[in-house]
Amino acid sequence: MESIMKMVDVNHHRIKTNGIWMHVVEKKGQGQFVLLLHGFPETWFSWRHQITHLANHGYHVVAPDLRGHGESDSPPSPSSYTMLHIVGDLIGLLDHFNQQKVFVVGHDWGAAAAWHLSLFRPDRVKGMVAIAAPFFPRDSNIKPSQFFKSFGDDFYIPQFQEAGRAERSFEKYDHLTVIKKFLSINKTDLIVPPPGMEFIDFLETPSTLPVWITEEELQVYAEKFRDSGFTGGLNYYRAMDLSWELEAPWQGSKITVPSKLIVGDKDIGFEIFTKGYILSDVQKELVPDMEVVILDGHHFIHQEKPQEVSDQILSFLNNLTI
């Protein structure tokens, strides 16, 4: 594992922001600042390909472990994981690096953080790229927990929202197996286990790894989650209703910053749910200045197709830098 970490030539920092210590990695080109935000269950390491590619093209790249992940602090209460907390962490990070206005790229929960940073503080964002997760409007009539239960009580999000439930089910496996199960997901339908079955049990353990990731790379994740546990990442799901309540002042607000959405055509629920939405008038109304790019790939597409995704990010940044 040391050899794979040495291949990712970055500087490590611990910074104080918004009442927590946050671990960030930095690779400094001479150009503009790019913030990379990971999803679940990941850490800064999920951006290993993009960090090198963007820095080699002159960008100043910073990728944090978001609160609850990796070597960053994990406050114990789910109420400490609202989007206001996450965006607060990011504003403190930008202030630490003396950056007034930056580019932001996010995947999965990191994409949600990027959307909300752009929503709450558009004055700090030059442009943003979301991967795998579009911007959804706040529905004033239904809480997220109620919405996601409409897919079934055993849909993974309701399972994750129940305190301690996912952790207990994950404990039946070693950390490496849990990570393998997640990062090898190739189901394209919404993942709803049979009644009474835990999500992690429903996921297959691959007999062979996808060609885009190695056992050594998976061990990097497994070691970090062995140290931190999964509760911090799961608390993002448990804070969804509180986030919904706190975001009422932004009801109906649009994303005004230049945006790009990259999504894989084999991502979970793409055909039956995501595709129609991202090409709809609703999405265009909410995010008027957005380019949509659909690539051949699954959920972790920035790792599965690193060159394609890196080139898509780079072209977007370059167009706004000119």
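Trainee: At roughly what angle do the axes of helix α3 and helix α4 cross?
Mentor: In this predicted model, helix α3 covers residues 83-96 and helix α4 covers residues 109-120, and their axes come within 9 Å. Because angles of 65 to 115 degrees count as roughly perpendicular, α3 and α4 are described as roughly perpendicular to each other. The crossing angle is roughly 75°.

Trainee: How many nonpolar, polar and charged residues does the contact of α3 with α4 have?
Mentor: From α3 come Met83, Leu84, Ile86, Val87, Leu90 and Ile91, which meet Trp109, Ala112, Ala113, His116, Leu117 and Phe120 in α4. Sorted by class, the residues of this contact are eleven nonpolar, one polar and no charged.

Trainee: Is Ala113 buried or exposed?
Mentor: Ala113 is found in helix α4, and, leaving aside residues up to four places away in sequence, Ala113 touches Leu37, Met83, Ile86, Val87 and Leu90. Gly39 lies 74 residues from Ala113 in sequence, with 9.4 Å between their C-alpha atoms. Because the relative accessibility of Ala113 is 0%, and the cut-off is under 20%, Ala113 counts as buried.

Trainee: Which hand does the crossing of α8 and α10 have?
Mentor: Helix α8, residues 175-183, packs against helix α10, residues 215-228, at an angle of about 120° and with the axes 8 Å apart. At that angle α8 and α10 are therefore oblique to each other. Their crossing is right-handed.

Trainee: How many charged residues does the contact of α8 with α10 have?
Mentor: On the α8 side, His175, Leu176, Ile179, Lys180 and Leu183 take part, and they meet Glu215, Leu218, Gln219, Tyr221, Ala222, Phe225 and Arg226 in α10. By class, this contact of α8 with α10 has seven nonpolar residues and two polar ones, while the number of charged residues is three.

Trainee: Which residues are buried on the two faces of β7?
Mentor: Strand β7, residues 259-264, is mostly covered, with six of its six residues buried. In a regular strand the side chains alternate between the two faces of the sheet. Both faces of β7 are covered, and the buried residues are Ser259, Leu261 and Val263 on one side and Lys260, Ile262 and Gly264 on the other.

Trainee: Which residue in β8 stands opposite Val263?
Mentor: Strand β6, residues 125-131, runs parallel to β7 and is joined to β7 by four bridges, with Met128 standing opposite Ser259 in β7. Strand β8, residues 290-295, also pairs with β7 in the parallel sense, over six bridges. In β8, the residue opposite Val263 is Ile294.

How values were computed. Residues are numbered from 1 along each chain as its sequence is written. This is a predicted model: local features need pLDDT of at least 70, side-chain atom pairs count only at pLDDT 80 or more; totals for chains, interfaces and linings use all residues. Side-chain values use heavy atoms; hydrogens and water are left out. Axes are lines fitted to C-alpha atoms, for helices over the stretch in contact, and angles run from 0 to 180 degrees between N-to-C directions. Angles under 35 degrees count as roughly parallel, over 145 as roughly antiparallel, 65 to 115 as roughly perpendicular and the rest as oblique. A crossing is left-handed if the near helix is turned anticlockwise from the far one by less than a right angle, and right-handed if clockwise. Contact means heavy atoms within 4.5 Å. Ala, Val, Leu, Ile, Met, Phe, Trp, Tyr, Cys and Pro count as nonpolar, Asp, Glu, Lys and Arg as charged, and the others, Gly among them, as polar. Buried means under 20% relative accessible area, exposed over 50%, partly exposed in between (1.4 Å probe, protein chains only). Two strands pair if DSSP finds at least two bridges between them.
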